[in-house]
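Hi there,

Here is the structure I said I would pass on. Have a look at it first, and then read my notes below.

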Amino acid sequence: MADRLDGKTAVVTGASSGIGRASATRLAAEGANVVLGDIDAERGREVVSEIEADGGDATFVAVDVTDADDVRSMVETARETYGGLDIAHNNAGIEGDNDPLPEQSRENWDRVLGINLTGVWLAMKHELPALMEGDGGAIINTSSIAGLAADGSEPYVASKHGVVGLTKSAAVRYAEEGVRVNAVCPGVVRTPMVERSLEANPGAVEAITAEQPLGRMAEPEEIASAVAWLASEDASFVNGHALPVDGGKLA
Ligand SMILES: NC(=O)c1ccc[n+]([C@@H]2O[C@H](COP(=O)([O-])OP(=O)(O)OC[C@H]3O[C@@H](n4cnc5c(N)ncnc54)[C@H](O)[C@@H]3O)[C@@H](O)[C@H]2O)c1
């Protein structure tokens, strides 16, 4: 599998941390050139250095996924640096606040939907023409088990259901252009996002672990493995799918 993505170019958003970091690292390990986009430039550049130290090729671009110019420049970087685009992992996301609905702020709603849903739409808007310019390719959007069931606050669950809808709609429309569009729906993954909320809730680790059929959370690399498969020709007939990678939590 080491060269499964040889000669391909990928963009990954939210690539400085957690799932995006693991995905960028895995795609590069499988041979892809990777453009990492994130608002956290310091950690993003660290990930680039790690990928380069392992013999991979990667470039960091400061990207706020809610900003059209940033997203355009991420796709342009893939074109200019590596000659095109084949794979896009639209992954940046935030959890937002978990207040009872009547107490939720409009600001939180706009921020969660803006990053988690509009950010994915904006990325696809700029990635699709670049993918179609070449031989097509694969888009993988990070949804969540919260995109398939009520697992979290209303804004987060709505945003992640929206990502599944966006994925399915574009999958059907762009299949003939050679672009497959799928979503990964992780369960609970040990990333800084989850660690933040666990720190705020003593006892939560035990409670969450007890709910998992496999008796543990996922590691980010286990989500990255599914992303790399969906990006590859091994998944050549998988399109419009929302793939739970949840250890059986939704089963
Ligand atoms: N960790 C989990 O249990 C879990 C489960 C299901 C889905 N997810 C989803 O996976 C994705 C990654 O989450 P994670 O757990 O790795 O979180 P994380 O907080 O570790 O990483 C998220 C990354 O996104 C970046 N980011 C945030 N806002 C951004 C913006 N506006 N533009 C560009 N980058 C931005 C952050 O700087 C960070 O590097 C998210 O979409 C999240 O909703 C996570």
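Which helices each supply at least two residues of the shell around the ligand? They are helix H1 (18–29), helix H5 (154–174) and helix H6 (192–200). Of the elements, H6 gives the most to that shell, with 4 residues. Before you go on, keep in mind that this is a predicted model.

Let's stay with the ligand for a bit. It has 28 residues around it, and the closest are Ser-17, Asp-38, Tyr-156, Val-189 and Thr-191. If you sort the shell by class, you get 13 nonpolar, 11 polar and 4 charged residues.

With Ile-19 it's the backbone instead, where a polar atom is 2.8 Å from an oxygen atom of the ligand. As for how covered the ligand is, it would expose 830 Å² taken alone, and the protein buries 94% of that.

Now zoom out to the whole protein. The C-alpha trace spans about 50 × 35 × 35 Å along its principal axes. The radius of gyration is 17 Å, which agrees with a compact globule, because a globule of 251 residues would have a value near 18 Å.

Next, the empty space. Rolling a probe the size of a water molecule over the atoms shows where such space is left. The count comes to 1 cavity of 30 Å³ or more, and the largest cavity has a volume of about 40 Å³. Its lining includes Thr-13, Val-65, Asn-90 and Asn-91. Helix H4 (residues 106–133) has the largest share of that lining, with 4 residues. By class, the cavity lining has 5 nonpolar and 4 polar residues, but no charged ones.

Strand E5 (137–142) and strand E6 (179–186) are the elements that give two or more residues to its lining. In total 16 residues line this pocket, and those nearest its centre are Lys-8, Gly-137, Ala-138, Ala-231 and Glu-233. Charged residues do turn up in this lining: it has 6 of them, along with 6 nonpolar and 4 polar.

Happy exploring!

Terms used
Residues numbered from 1 in each chain as written. Predicted model: local features only at pLDDT ≥ 70, side-chain atom pairs only at ≥ 80, totals over all residues. Heavy atoms only, no water. 1 Å grid on protein atoms, 1.4 Å probe; cavity = no way out; pocket = protein on both sides within 12 Å on 5 of 7 lines; lining within 4 Å. Nonpolar A, V, L, I, M, F, W, Y, C, P; charged D, E, K, R; others polar. Near = heavy atom within 4 Å. Polar contact = N/O pair within 3.5 Å; in protein donor to acceptor, adjacent residues only side chain to side chain. Areas by Shrake-Rupley, 256 points an atom, 1.4 Å probe, with all protein chains shown as cover. Rg over C-alpha atoms; globule rule 2.2 N^0.38 Å. Points joined across faces, edges and corners; volume = space filled by probe spheres on them.
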